[in-house]
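Hi there,

Here is the structure I promised to pass on to you. Have a look at it first, and then read on for what I found.

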Number of protein chains: 2
Amino acid sequence: MTPYPPLMETLIDQFARLPGIGRKSAARLAFHVLSLPAPDVEAFADTLREARRAIGCCRVCQNLSDSEVCPICQSEHRTPSVICVVADPRDVAALERTREFKGRYHVLHGVISPMSRMGPDDIRIAELVGRVSAGGIEEVIMATNPDTEGEATALYIARLLRPFSVRVTRLAYGIPVGGHLEYADEVTLARALEGRRAL
Amino acid sequence: MTPYPPLMETLIDQFARLPGIGRKSAARLAFHVLSLPAPDVEAFADTLREARRAIGCCRVCQNLSDSEVCPICQSEHRTPSVICVVADPRDVAALERTREFKGRYHVLHGVISPMSRMGPDDIRIAELVGRVSAGGIEEVIMATNPDTEGEATALYIARLLRPFSVRVTRLAYGIPVGGHLEYADEVTLARALEGRRAL
């Protein structure tokens with residue numbers, strides 16, 4: 001005899017299907033939901049449904065947006081001639097937190113990764129090439145992650161953009177601010193030396 | 001400028017309000033929801049709403065149930081004269097997994113805990129006394145957790161049930177099966193000695 005009502009089992013199953021949530025956490029979450037006031041649960045269910053329905057990708061930069069063109073692409077305060085290319089909408093959030101970047105973005109939604117069977121056509125590279133070929137772009141900053149796949153994706157895109165008169169740059173490598181030389185890995189340290197600048 | 005659409009922020013907030021889910025996990029979950037097929041998200045939203053609406057407590061044992069009386073209380077294969085008292089519906093699930101207990105349950109939905117301002121009237125003790133006073137009960141097994149609060153709750157209930165001709169027992173303390181004496185704490189080991197049985 002299952003000790004929980006079938007609907008409870010279903011709810012636990014649904015939570016357990018989410019990434020990083022095991023069976024025990026799923027049960028804890030399901031019990032929590034039952035203990036919440038009904039209107040809170042209604043609101044949660046509505047948000048889930050609404051978010052899935054209303055949020056899509058910006059037609060221009062492919063970042064998450066609830067309008068056809070996202071606020072950053074619509075903003076007149078953002079330089080339209082600089083595009084920062086990232087793998088994921090979360091990377092846009094990280095860069096926006098710096099309040100340093102005044103250009104626009106392009107979200108690839110992934111990186112080229114033969115291991116995960118992701119080729120150039122599986123991410124939004126064609127859309128980026130489209131934007132660059134339409135003209136008016138002076139610089140494309142490759143801000144994919146500093147790992148093998150991010151690196152390969154950046155190089156691949158840089159090569160693709162070579163026919164256009166656009167400067168393609170890459171985020172600087174170096175020692176993280178506030179870090180200790182002692183703990184920096186040798187590759188990072190070598191890159192920091194290589195990229196040294198006059199004081 | 002917030003980098004995510006407002007609805008996305010709301011969704012992240014909703015996830016972050018769940019127990020054990022931090023801001024970063026909440027964002028990961030929200031992104032996952034957006035990547036799911038729409039019908040899956042609909043199903044999740046429906047389950048949340050439905051579970052909250054349809055699941056209540058069994059009128060008899062107070063365990064979670066989608067019917068007025070739960071399947072265990074309705075079953076003719078369960079001894080009605082033995083009640084196992086637990087703090088939480090999850091404890092019913094744990095005991096059912098043993099397939100050893102053939103009686104019925106009583107779920108307190110908490111323990112007496114002055115620290116958390118939970119008194120005897122905040123948990124389902126009156127309902128248990130009601131069941132026992134109605135007669136036909138021979139044994140009440142106190143299966144609250146072997147910690148201070150579970151212990152105090154068990155003792156409190158045992159005292160309350162003294163006027164009725166019912167045997168009140170407690171789960172055995174001892175070394176866990178498969179455990180090592182070396183790692184058993186001294187209190188557990190003392191209890192195991194105290195409760196030793198003839199071979």
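This is a predicted model: local features need pLDDT of at least 70, side-chain atom pairs count only at pLDDT 80 or more; totals for chains, interfaces and linings use all residues.

On to the interface. Chain B brings 51 residues to the contact, and chain A brings 51 residues as well. About 4,900 Å² is buried between chain B and chain A, and carbon and sulfur atoms give 73% of that area.

One residue to look up here is B:Arg49. It forms a salt bridge with A:Asp46, where the closest N and O atoms are 2.5 Å apart. This pair crosses between chains, running from helix H3 (residues 38-54) of chain B to helix H3 (residues 38-54) of chain A. B:Arg49 counts as buried because its relative accessibility is 19%, and the cut-off for buried is under 20%. A:Asp46, in contrast, is partly exposed, with a relative accessible area of 37%. The side chain of B:Arg49 also meets that of A:Glu42 in a salt bridge, at 2.9 Å from N to O.

There are salt bridges inside each chain too. In chain A, the side chains of A:Arg23 and A:Glu9 meet in one, at 3.5 Å from N to O. That pair links distant parts of the chain: A:Arg23 is in helix H2 (residues 23-35) and A:Glu9 is in helix H1 (residues 6-16), 14 residues apart. A:Arg23 is partly exposed, its relative accessible area being 44%.

In chain B, B:Arg23 and B:Asp13 form a salt bridge through their side chains, at 2.7 Å from N to O. Here B:Arg23 lies in helix H2 (residues 23-35) of chain B and B:Asp13 in helix H1 (residues 6-16) of chain B, ten residues apart. B:Arg23 counts as partly exposed at 46% relative accessibility, and B:Asp13 counts as partly exposed at 33%. Back in chain A, salt bridges that share partners join A:Glu9, A:Asp13 and A:Arg23 into one network.

In one of them, the ring centres of A:Tyr4 and A:Phe31 are 5.5 Å apart and the planes stand at 75°, so the pair is edge-to-face. A:Tyr4 sits in the segment before H1 of chain A and A:Phe31 in helix H2 of chain A, 27 residues apart. Is this pair buried or exposed? A:Tyr4 is buried, and A:Phe31 is buried too.

A:Phe31 also has a charge over its face: B:Arg90 lies there, at 4.2 Å from the ring centre. On B:Phe31, it is the charged end of A:Arg90 that sits over the ring, 4.2 Å from its centre.

Methods:
Residues are numbered from 1 along each chain as its sequence is written. Chains are lettered from A and ligands numbered from 1 in the order in which they are written. Side-chain values use heavy atoms; hydrogens and water are left out. A salt bridge is a side-chain nitrogen of Lys or Arg within 4 Å of a carboxyl oxygen of Asp or Glu. Helices (H or I, at least four residues) and strands (E, at least two) are DSSP runs, numbered from the N terminus. Buried means under 20% relative accessible area, exposed over 50%, partly exposed in between (1.4 Å probe, protein chains only). Rings of Phe, Tyr and Trp (its six-membered ring) pair if their centres lie within 6.5 Å; planes under 30 degrees apart count as stacked, over 60 as edge-to-face and the rest as tilted. A charge sits over a ring if NZ of Lys or CZ of Arg is within 6 Å of the ring centre and within 35 degrees of the ring normal. Contact means heavy atoms within 4.5 Å. Buried area is the accessible area (1.4 Å probe) that two parts lose on being put together, summed over both.
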